[in-house]
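Here is a colleague's note on the structure below. Please read it with the model open.

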There are 2 protein chains.
Amino acid sequence: MNNKYVYLFREGKASMRDLLGGKGANLCEMTNLGLPVPPGFTITTEACNEYYSNNQNPPEGLWDQVWTALADVEATTGKRFGDKVNPLLLSVRSGAKFSMPGMMDTVLNLGLNDDTVGVLAANTQNERFAWDCYRRFVQMFGDVVLEVEHSDFEEILEIAKEKQGVKFDSELSAESLKWMVSEYKKKIESKTGIPFPVDPKIQLELSVLAVFRSWNNDRANFYRTINNIPHDIGTAVNVQVMVFGNMGADSGTGVAFTRSPSSGEHALYGEYLMNAQGEDVVAGIRTPNPIATLARENLEIYKQFESICKLLESHYRDMQDIEFTIERGKLNILQTRNGKRTASASIRVAVDLFHEGLITKEEAVMRIEPEQLDHLLHRSMDTNAKYEVLAKGLPASPGAASGKIVFSADEAESLGNAGEKVILVRTETTPDDIHGILAAQGILTSRGGMTSHAAVVSRHMGKPAVCGCDALKINVAQGLIEIEGVEYHQGTMISIDGSTGRVIKGEVPMVDPQLSAEFKELLGWADEISRLRVKANADSPTEATNARNFGAVGIGLTRTEHMFMHPERIPIVQEMILAQTLEEREVALAKLLPMQEEDFYGILKAMQGLPVTIRLLDPPLHEFLPHSEELVVEITKLRVLNNDPDTLHQKEALLSKVRALSELNPMLGHRGCRLGVSYPEITVMQARAIFQAGARLVKEGYDIHPEVMIPLIIGKEEFLMMRKLVDDTAELVMREQNVRIHYQVGNMIEVPRAALLADEIGKVADFFSFGTNDLTQMTMGLSRDDAQGKFLPVYLEKKLMKTDPFIVLDREGVGKLIDMAVKLGRSANPDISLGICGEHGGEPNSVEFCHLVGLDYVSCSPFRVPIARLAAAQAAIRHKD
Amino acid sequence: MNNKYVYLFREGKASMRDLLGGKGANLCEMTNLGLPVPPGFTITTEACNEYYSNNQNPPEGLWDQVWTALADVEATTGKRFGDKVNPLLLSVRSGAKFSMPGMMDTVLNLGLNDDTVGVLAANTQNERFAWDCYRRFVQMFGDVVLEVEHSDFEEILEIAKEKQGVKFDSELSAESLKWMVSEYKKKIESKTGIPFPVDPKIQLELSVLAVFRSWNNDRANFYRTINNIPHDIGTAVNVQVMVFGNMGADSGTGVAFTRSPSSGEHALYGEYLMNAQGEDVVAGIRTPNPIATLARENLEIYKQFESICKLLESHYRDMQDIEFTIERGKLNILQTRNGKRTASASIRVAVDLFHEGLITKEEAVMRIEPEQLDHLLHRSMDTNAKYEVLAKGLPASPGAASGKIVFSADEAESLGNAGEKVILVRTETTPDDIHGILAAQGILTSRGGMTSHAAVVSRHMGKPAVCGCDALKINVAQGLIEIEGVEYHQGTMISIDGSTGRVIKGEVPMVDPQLSAEFKELLGWADEISRLRVKANADSPTEATNARNFGAVGIGLTRTEHMFMHPERIPIVQEMILAQTLEEREVALAKLLPMQEEDFYGILKAMQGLPVTIRLLDPPLHEFLPHSEELVVEITKLRVLNNDPDTLHQKEALLSKVRALSELNPMLGHRGCRLGVSYPEITVMQARAIFQAGARLVKEGYDIHPEVMIPLIIGKEEFLMMRKLVDDTAELVMREQNVRIHYQVGNMIEVPRAALLADEIGKVADFFSFGTNDLTQMTMGLSRDDAQGKFLPVYLEKKLMKTDPFIVLDREGVGKLIDMAVKLGRSANPDISLGICGEHGGEPNSVEFCHLVGLDYVSCSPFRVPIARLAAAQAAIRHKD
C-alpha cells in the first residue's frame, strides 16, 4: 500500500503545510472555505523527498494517484486534459513549506499542443491569444523542463520581431507566433535530440519532475542557506486549472494586502490590471491601478473580493497577501498568504488585531520578528531622497548619518565640540578612539566585521556605522580617501547608512525614529509575559538615561575603562602605569579618584531606584599606552638622524615600558581582577569612587543600588581577595560618611574555569554575570578580532559552523558551560542573581537560550533593549510549560 | 575529662607520628625496642593545636600531666628535677610530624640554676663543664624563651673573652663563665623587667610554651610553605633526660647512616667526635672521625651501635639516620629517622632492600621521589671541580654544559656544524631558534620562566638550560654580555648548570649520567605495576631512539612544525605562505612533500612495532615569517635614507603580508586544524608524506602504526572534514603503492569546547590526546608566556593558587574538564584511546591525575619518560582499589 502522495484541494487544509507546502495548504483551506479557487490538487513534499532518496525516481504509485486526481478535476470542470473539444489547461507550481519566491520552477498553460491550441483559439475566439499561450508554454517547458538555454528562445523571438518589424512582444501577430512555435520546437529537438512532447500527460509528468528538481538548483540552495530554511524538507507541487486574466476587457489580474504593508493601516492595499496576466504586471509595461479603483470599474467583483479579504483575514487571523484573477467576469482566488510587512506595519497590525479581538496579546507578541525593531530605533534616510552610492560595506550599526570626513578621534572631538557634524573614517578603531566615536555622527571603517571594535562600540552607543568597506582606500598622510579612483578629501561631506552598509556622496535628508503608541503598548505586553528581565550596558549618564527610556530595568554592565580613555585623563592614567613605586602610583590614583567619583555619581543618579552593576577596570594596562610600532618608527628616525639625543632617550624609556607590558595574547593576559591582585590600590581607588559617589547620593535622598563586579575571576581565592578590598573600602567610606549603602559584590563568568567552579565561587558571590564575548573566545579558542573577517567566514561557508558564535550564542558548547555554571551556582547559593552582559544579551536566539537556562536577566546595548524585551517575552511564550 | 596530652616514651609507638611528631614517635618506638634511649616524654601536637585555638593558652590539665610524667622519669633515673643532691637535667625539643630541621626552638640543660650548677660541678668533678652548661642554658633560655636579642649575649661573651684575653669560647675559664652567667642574668632582667626564673618547673613550662610559639615563627612558616607542609598540624614537644658527650675522654657524640647516603652502598657511614657535644661537631673547630674508627677506639660500643643500626634498619625497613651520644662509656640513642639520600642512593637502597627481603617491589617503587630521577638522566658538573659562579638564573632544564657564547641561532648552527661547542645566549627564544637550540650544548636566557619557550624546548630536547637570568645584560649589537659590570664577549667560554641555575666562568669538567642496573630493574618493576602506559614526545629519529631507550612504548606527539623550521626549508615554507593562488601554493607544497616524507620515514622506522602519533601543522603561519617590528625598522631606515626604492618596495610588500597575517591573540587564532580548513592542500601534503613514508616502510618489511592527530578541534564537523582529507589521501596512496597501512585518525583536546563536546567528536575519532598546555591556557584564560614571570608569581606568593598550573595540572578546573571529556568520549566510543601530551605528562602529580581519571597513556619529553613510568606505578599503588 503506497502513501497518499496526491491531495485534491478539497482534501487538504491550512495545517498541512509540512506535507502540502504553504501555497498548497492555503489553496486547500480556501477551497474548503467555499472560495472561488480554480480546482486542482497538490503533490506532497513527501513525494519530492522520496524522489530524492530514491535516486531521483518518483515514488511508486505517484502517477496513478495523479491521474485519479486529474479525473476528479476533469469531472468538476467538465473539461478534459488533452481533449480536442474542451481541453483542460493546467498550471504546475512549486510550493514549499516556507516561501521561496522565484527560486523554483513553474510551468503554465500545460496541456497545449498543436491540436488543443486550435480549440483554445476557437473557444476564446482569439487566435492570437491561443498561440501566445502556446508559444509561452513551449518556451517555458523547453527552458524549465527540457533545460534548453533561455537565450536560444530569445534569439528566435528577436528574429520574429525583426521579421515582422515590431518592437514589443505584444505586437507580434498570430502568424509570427505560429512561426515561433515551430522554430522553438525545432530548436528543442536539435538541442535535446527528442521531439517536443505532444502528449499532455507526458508534459505533466515531466513538469512535476522538473519542479522536484528545481528544489535543488543553485539559487534555491543559496536562498535556503541564507534564510536558514532546512535543505531536506522538499517542495510540494500544485497542479491547478489555468485561469486567464488576459481574455479581454472583462478579465484581469491583481494582488492585494488586507492592510497596508508599510504602515499597517487597516484598508485594502494593492493593485490590478485588466486584460493582463501576472507577468504583465511584473514586466512594468503598463501601469497597474490601485485596488480601490476596481470598485468603480466593477463594484460587484470588488465587493466580492473585499468580503473574501475580510473572511481570509479573520480566518487566518493575520494580514493577508492575496492573488486573484478575473476570467471573463469571474473572480478566482489563486493564492493567499500572510503578508510581508515593514517593522512598523508589523507592530500596528499585531496591536490592531488584538484590539479587534482576533488574536491574544501573546499572539500579538509572537507576530513581531525582534530583529525588525532595530530599524525603528534609529534615524534613517528619507526614502524620498535621491542619492549617489559610492561604496558598500557591512551594515555594522543601524541608523544613518551625514558629516564631514575626519581621520582621527582627536579631530572628531575638536570639530564635534565646535558643533560640526563629522564621520570618523578609520582603517579600524581601537579603545583609544572612544572619544572620537562619541563625538562623531557615524563611523566608517575599511576593515573589520560585524563584531569588530568599531561595530560593537557603535551599536552600543547607538551610532550608525559601516564597517569593512574594502572599496575604501584610506590615505591618512595625504588626508584623503579614494573610492574607485576618485579622491574625497578630509572635510568632504558624506553620508552612511548603517542599516544597509551604503556610503553616500554628500548630505542626505534624514527621518527621526518614531516610537509609536502601538510600539510601547506591545512592549508593555511583552514585559507582562516575560520572566527574564532586561537591563542595559551603559557607561555614561546619557547612555543610562537612554537605556531607561528604552525600558531597561537596571544597568547590567558599566565599563569603567571607557572612563579612563578621556583625553584629559589619559596622561594621568599613563602616569599611574609608569609609576615606579606604590607611592608614585597612589599619587596618580588620587588624581583619578574625583573623576571616577563624578562618573559613578552621574550614572547612579540617572538610574535611581534601579540596580547598577559597575565592573572594575578590565583591559590590560598597555591599552592605555602608545603602540610599540609607532614608537619604533619614531626611535628609528631619531637614531638615523642622530640629532636629538634627549627625545631619543625619553622615547626609548617609554618603549622599554611598553615592551615590558606588551603581551603575546593580551586577551589571556594581565587584565581583569589580575590587575587588582597586582595593584590592589587601583581596586581600592575604584571602590572608594563608587562608595563616595553613593554616599553623596544617599545624603541627597536618592535610592541607589550599586553592584560591584569583579572581572576575569577564575577561582574563589582571588574573588575573596578582591571582595575583601571592596568590602573593606565600602565599610571605611560608609563610616567616614556615616551612611549605609546597600550594595552587592559579584563577578563576571567569562573564563571557562569560573564556570566549572561556579559552586565554589557562588558560595561567596552575590551575583554572576556571564561575559559571553570572552567566554565564547576562550571556550572555542577563538579570538574574535582574529577570526571574524579572516577564517570564520570559511567556516560558515563550508558549513562547519551554523552561525557566527559571536552573534548567536553557541548553545552546544558555550551554552553547555553556562548551563553547568547556572546549576552549580544555584546549588551553592540559591539566592544568587544570574545574568548575562555582552552582545549576545540583545540577540533574540541567545535571549531565548538565557530564558531556557534560567537566568534572571540579560543586559545589552540601550538600543537593543526593546529587542531583548520582545525576545524575552517570545521565549516565555514559546516555552510555556 | 581532659585529653591525654603527655605520653611517656614507653607509652607511644612509631605509628603515632601525627600525635607525637616524627622524633617523639621514634623515641617511643626505640624505647619499646629496648634500646638505650634516655628517658623522657612527649607533649602531643594536639596540645600545641589547642594552645593556638585557645588564644595561645595551654590546654587545661597539661601541666598536671607533665608533672606526673616527670615524676615517672625521676623514678626511672633516680634523679630529681631541681634536686640539690642529684638534679635531673632535661632537654626540650620540638618535633613535628614532618622534619623541619633547625626551624623551631630547642632548650638544653634545663633544670640548672645557681643551686644545681654546683651539684653538677661536684658530681662531674668538673666545675668548668658545669658552668659552661649553665652559661649555655641561660643564653638559650634568654634567647628562645624570653626573646632577648642574641646580640646582647654575644656582646657579654666578647667582653669576657677580652677580659680573660682569649680567642675561643672553649678557652674561657670557670671564673669567666661564672661572671658571664651573672651578666646574662642582669641583662635579662633589665630587658624583660623580671628576674631570670630559678624554679626549674617554671623554666620547663616557659620552654614548652616557647616551642609551641616557635611553630609559628617566620622561618618555620616559610619552610612549610616551600615544602608543602600544612600550617595547621602543630608540633609536639619532647622532654628528655640530658646526656652529655663532653664529660671527658670516655664520652662522645656522633651521627651515622646505615647505608651510604650518596651511593646507597650497604655499610655504616657517619662520623663522631669524642668529648664533644653535637654543636661542636657542627661548629667545625675539630674534625670528626669516620664512624669506622670507633671500632678501633671502643670496639664494644661500636659493636653495640652496629647491632642497634641493624635492628633499627630492619625494624623500620629503610635506611636510618641515627644520632647517638656516649656518656661516660654508655651509649645513648637520641634519634633515628629515615635517612635523606641522593637519587642514586635512593634507587640502590630500595632495590637492595627488596633483594634483602625487607620490602616488596611496590614498597621499593614507592621509596623513590620521581622528580629525583631527573638528575640521573643528564650530564652534571664534576663535584670535585672548582669554579667561579658568575650569576644565577632559573634551573630551567637539567644537565650541565660548557661552550662559547653565541647570540644567534644561525651562528650556533654554523659553529655547531663546524664542531664547536656553543652556548646560545638570548633574551628569550622563539620557534625560529629551534635549529640553534639543536646545535648548541645549552641555552641561557635573560628572560622567561620555567615554562618559557627556551625552557620547554630545552627540556624536551634534553639540553641544559638556565632561563630568566636577569643579572645578564645582553648587548647583541656589540656582541657581548655584561654581568655585574664585567663584559664577556662572543666566543668566550662559559658553562651553565641547568639543574641549579648557575652560570659559570670558563669550562668545567663534566660527568656523564650513569644509568645503573638497579635503575633499570626498578623501572621494570614500575612497568609491571602501572596501568598507565608512557609514551614520548619526539620530533626526530634521534629523539625517537632516545625515547625508546628510556622505555617509551610509542610516540604520543610528533610536532611537524619543527620540521618546517629547518633553515633550508624556511624559504619554501615562506613561498607557500606568500603564494597568491592555490596553484602557487601547491608548487611550494610539492617541494616540501619529499622533505616531510623523509622526516616521517625516519621516525616511523625508529619506532617500528610501536604507535607514532603525528600531529598536523599547528602554529599560525606568521610564525614562519619575519617579525613586523624588524621590518618596520628596516623600512623606516630605507625611507629616511631614501636611496633604495626597490628594496623598500619589496620590504613593504612583505610587511603588508606580515600585517595581514598578524593576530592580536595568536594562540586563539588561525592555527591548528583551522589552517587545514582554509588550505586543505597543506593537510593533503602532510597526509601524503605520512602515507608515502609508511608505504615504503611496509614494503621494506617494517611494522608501523602511524596515528594522524588533528590539532585544535572544536567540533565534530571540522574533525570530519579533516578526517576525510586524511582518509582520502591515505586510500589514494595505499592504492598507488598497493599496500595496506593500519592507521588511526584522532584529535587533540586542547580547547574547552572539544572537551564539552567529547561525546559528539568521540563518535568519529579513533583517539583523543589532551593538549593540557593549551587546555590550561584557555580554561584558565591564562596566556602562559604572559603570566609566568609576570603576574603568576604574585598569585603564588599571595596563595591565590597552590602551584603553577603549567607545571602541576590544575585538577579542580582543567581536571574537571578532562574528567568530563573522558566520560563523554568513552560513553560515545568505548574503544577510544585516551592520552595526554604536553609538559604535564612528565610531572608526577599530573601523572597521578591521569591515572585517576582513567587515561590510557601519558606522553612526555624523552628525558622524563623514566619519571613518568615511576609516577604511573606509584599512582597505581597509591590508588589500588
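Which residue of chain A does the side chain of B:Asp810 meet in a salt bridge? Point 1 gives the reply.

1. The partner is A:Arg753, and the N to O distance is 2.6 Å. A salt bridge here is a side-chain nitrogen of Lys or Arg within 4 Å of a carboxyl oxygen of Asp or Glu. Side chains of opposite charge can pair when their charged atoms come close. Between chain A and chain B the count is four salt bridges.

2. Some ground rules. This is a predicted model, in which local features need pLDDT of at least 70 and side-chain atom pairs count only at pLDDT 80 or more, while totals for chains, interfaces and linings use all residues. Residues are numbered from 1 along each chain as its sequence is written, chains are lettered from A and ligands numbered from 1 in the order in which they are written, and side-chain values use heavy atoms, with hydrogens and water left out.

3. Next, the contact (heavy atoms within 4.5 Å). Chain A gives 59 residues and chain B gives 59 residues. The copies meet through the same surface, because 100% of the interface residues of chain A are also interface residues in chain B.

4. How much area do chain A and chain B bury between them? About 5000 Å², 60% of it on carbon and sulfur atoms. Buried area is the accessible area (1.4 Å probe) that two parts lose on being put together, summed over both. A:Glu629, A:Leu668 and A:Arg753 supply 12% of the area that chain A buries against chain B, more than any other three residues. A:Arg753 is also the salt-bridge partner of B:Asp810.

5. Over all chains, the count comes to 117 salt bridges. One of them joins the side chains of B:Asp318 and B:Arg367, at 3.5 Å from N to O. The two residues are 49 residues apart, and the pair links distant parts of the chain.

6. Finally, the rings. Over all chains there are 30 aromatic pairs. Rings of Phe, Tyr and Trp (its six-membered ring) pair if their centres lie within 6.5 Å; planes under 30 degrees apart count as stacked, over 60 as edge-to-face and the rest as tilted. B:Phe691 and B:Tyr743 are edge-to-face, 4.8 Å centre to centre with 75° between the planes.

Notes: Helix = DSSP H or I, 4+ residues; strand = E, 2+ residues; numbered from the N terminus.
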